[in-house]
Amino acid sequence: MATTNEGSEGAVRRGRPRSFDRDAALRAATIEFWDRGYEAVSIADLTRVMGVKAPSLYAAFGDKKTLFEEAIEAYVREFGGFIDRALEEEPTARQGVARMLHEAATWHTLPGYPRGCMLISAAVNCTVQSAEVAQDLTERRREGVTALERRIAADVEAEILPPGTDVHGLAVYATAVLHGMAQQARDGADQETLETVARTAMLAWPQQNDGAAPEQGRIRAD
């Protein structure tokens with residue numbers, strides 16, 4: 001009796017790879033959301049920049065909100081990781097924040113990419129229908145403040161910073177400078193101008209007891 005390959009052929013058909021590069025399509029969607037914000041981008045815009053038809057978009061990424069959430073994760077991995085690296089790798093909170101602001105001047109003005117920070121610009125002008133998206137981005141930004149608070153509190157506990165340091169206020173201050181730099185980049189400020197902002201901002205940092213003279217706002221170049 002002759003054998004049949006019908007089952008294996010069906011598996012091949014069902015497992016046929018997509019006719020588009022998913023990573024490239026996600027990157028295109030990320031840039032579009034970053035540039036124009038969540039609310040302003042339509043499904044038609046997304047299919048155009050991603051090079052896919054709507055059914056393929058829904059099959060690969062789900063609805064617009066789900067795609068946006070994945071785009072945010074992609075953005076954070078590729079463009080937002082400098083913040084965590086700075087805070088984790090530098091020996092003090094002051095050095096971590098100085099490096100964070102220094103690198104923000106570079107990352108927020110990358111040639112060929114939208115300026116500023118997607119976690120800020122993507123939430124602009126959200127309507128009631130997009131309130132959940134806006135709230136999710138707000139929570140991400142709050143998490144950034146909390147991470148800074150932990151880093152600063154560790155320096156207070158280690159007596160690197162004075163015991164009376166306003167941990168929350170200092171974390172909010174550094175975050176406000178970071179977010180302000182992103183908006184200034186969006187408005188056209190160049191890297192050099194943002195470097196000046198970063199250096200000036202560090203002049204307000206409390207003097208620390210780390211056995212070395214204060215950096216007086218000097219930002220590391222490495």
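A cavity is a set of points on a 1 Å grid over the protein atoms alone where a 1.4 Å probe fits but cannot get out. The chain shown is a predicted model, and one cavity of 30 Å³ or more is counted in the chain. About 30 Å³ of space lies in the largest cavity. The residues lining the largest cavity are Gly116, Cys117, Ile120, Ser121, Ala182, Gln183 and Arg186. Two elements, H7 and H9, each give two or more residues to this lining. H9 has the largest share of the lining, with three residues. By class, the lining of the largest cavity holds three nonpolar residues, three polar residues and one charged residue.

**The chain as a whole, for orientation.** The chain has 10 helices and zero strands, so that its elements, read from the N terminus, run α-α-α-α-α-α-α-α-α-α. The chain has 222 residues, and 43% of them are buried. Of the contacts between residues at least 6 apart in sequence, 68% join residues at least 24 apart. The accessible surface of the chain is about 12100 Å², and carbon and sulfur atoms account for 52% of that surface.

**The largest pocket.** The largest pocket holds about 500 Å³ of space. Its lining consists of 23 residues, and those closest to the pocket centre are Gly80, Ile83, Leu119, Arg140 and Gly144. Helices H5 (64-89), H7 (118-121), H8 (131-157) and H9 (167-186) are the elements that give two or more residues to the lining of the largest pocket. H5 gives the most to this lining, with eight residues. The lining of the largest pocket divides by class into 14 nonpolar, five polar and four charged residues.

**Threonine 30 in helix H2.** Helix H2 spans residues 22-36 and includes threonine 30. Threonine 30 has a relative accessibility of 5%; because the limit for a buried residue is under 20%, threonine 30 counts as buried. A polar atom of the threonine 30 side chain lies 2.8 Å from the backbone oxygen of leucine 26. Apart from neighbours within four places in sequence, the residues in contact with threonine 30 are Ala71, Ala74, Tyr75 and Met118.

**Arginine 99 in helix H6.** Arginine 99 belongs to helix H6, which covers residues 93-107. The relative accessible area of arginine 99 is 10%, so this residue is buried. The side chain of arginine 99 is joined to the side chain of glutamate 90 by a polar contact of 3.0 Å. Arginine 99 can also be placed relative to isoleucine 83: the two residues are 16 apart in sequence, and their C-alpha atoms are 8.5 Å apart in space. Isoleucine 83 is one of the lining residues closest to the centre of the largest pocket.

**Threonine 92 in the loop between H5 and H6.** Threonine 92 is found in the loop between H5 and H6. With a relative accessible area of 5%, threonine 92 is buried. The side chain of threonine 92 makes a polar contact of 2.9 Å with the side chain of glutamine 95. Leaving out residues up to four places away in sequence, threonine 92 touches Arg151, Asp155, Ile160 and Gln208. The C-alpha atoms of threonine 92 and alanine 154 are 8.9 Å apart, although the two residues are separated by 62 places in sequence.

**Glutamate 159 in the loop between H8 and H9.** Glutamate 159 is located in the loop between H8 and H9. Its phi is near 65°, a positive value in a residue other than glycine. Most residues other than glycine have a negative phi. Glutamate 159 has a relative accessibility of 61%; because exposed means over 50%, glutamate 159 counts as exposed.

Definitions and conventions. Residues are numbered from 1 along each chain as its sequence is written. This is a predicted model: local features need pLDDT of at least 70, side-chain atom pairs count only at pLDDT 80 or more; totals for chains, interfaces and linings use all residues. Side-chain values use heavy atoms; hydrogens and water are left out. Helices (H or I, at least four residues) and strands (E, at least two) are DSSP runs, numbered from the N terminus. Buried means under 20% relative accessible area, exposed over 50%, partly exposed in between (1.4 Å probe, protein chains only). A polar contact is a pair of N or O atoms within 3.5 Å; within protein, one must be able to donate a hydrogen and the other to accept it, and residues adjacent in sequence count only if both atoms are side-chain atoms. Contact means heavy atoms within 4.5 Å. On a 1 Å grid over the protein atoms alone, a cavity is a set of points where a 1.4 Å probe fits but cannot get out, and a pocket is an open set with protein on both sides within 12 Å along at least five of seven lines; lining residues have an atom within 4 Å of a point. Grid points are joined across faces, edges and corners, and a volume is the space filled by probe spheres set on the points. Ala, Val, Leu, Ile, Met, Phe, Trp, Tyr, Cys and Pro count as nonpolar, Asp, Glu, Lys and Arg as charged, and the others, Gly among them, as polar. Accessible areas come from the Shrake-Rupley method with a 1.4 Å probe; for residues, only the protein chains shown count as cover.
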